[in-house]
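Dear colleague,

I am passing on the structure we spoke about, and below it you will find my notes on what turned up in it.

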Amino acid sequence: MRMVSSKSRHGGGANEEKVIGIAAITLQSPAVGVQIETAERAAELLGWKTVVTNANGDPAKMAADVTSLVNQDVDAILDIAISPAQAQEGFRAAKEKDIPIIAIGAPLDDPQGYFAATYAPSDEEMSNLLAEQ
């Protein structure tokens with residue numbers, strides 16, 4: 001896993017505010033809302049800014065959102081359920097600019113290796129927890 005450096009991509013020193021792009025497939029899902037709120041709180045505690053996009057489930061908008069975040073030169077992208085196949089151009093551009101992409105919320109197929117990391121709950125563990133209820 002690559003780590004985001006302490007220096008911002010925006011040319012300033014280590015104390016300059018970082019910008020984290022959050023690319024969401026939709027804001028209609030309560031789970032996505034929780035993921036965004038959690039990421040925003042964490043960023044705020046670190047003194048970082050977030051930019052949230054909402055594709056509204058539209059594959060063309062997903063691709064445009066990821067490309068937009070890359071063009072904004074964000075320091076990292078949190079990908080919430082957007083498959084690399086749906087936003088390949090933006091993911092490729094992020095990789096070329098060395099902008100790490102972290103997939104959160106669901107395991108996604110990533111044969112091109114665009115993701116610096118993936119954070120997703122284990123389906124097996126979640127099933128066991130539900131079965132114990």
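Which residue lies over the face of Trp48? Lys18 does, at 5.8 Å from the ring centre, where a charge counts as sitting over a ring if NZ of Lys or CZ of Arg is within 6 Å of the ring centre and within 35 degrees of the ring normal. Please bear in mind that this is a predicted model, in which local features need pLDDT of at least 70 and side-chain atom pairs count only at pLDDT 80 or more, while totals for chains, interfaces and linings use all residues. Residues are numbered from 1 along each chain as its sequence is written, and side-chain values use heavy atoms, with hydrogens and water left out.

On aromatic pairs, a search of the whole structure finds 2 (ring centres of Phe, Tyr or the six-membered ring of Trp within 6.5 Å; planes under 30 degrees apart are stacked, over 60 edge-to-face, the rest tilted). Phe91 and Tyr114 pair edge-to-face, at 5.9 Å centre to centre with 80 degrees between the planes. Phe91 and Phe115 also form an edge-to-face pair, at 5.7 Å and 65 degrees. Phe91 counts as buried because its relative accessibility is 0% (buried is under 20% relative accessible area, exposed over 50%, partly exposed in between, with a 1.4 Å probe and protein chains only), and Phe115 is buried at 11%.

Thr26, at 17% relative accessibility, is buried too. Leaving aside neighbours within four places in sequence, Thr26 is in contact (heavy atoms within 4.5 Å) with Val32, Asn54, Asn56 and Gly57.

Best wishes
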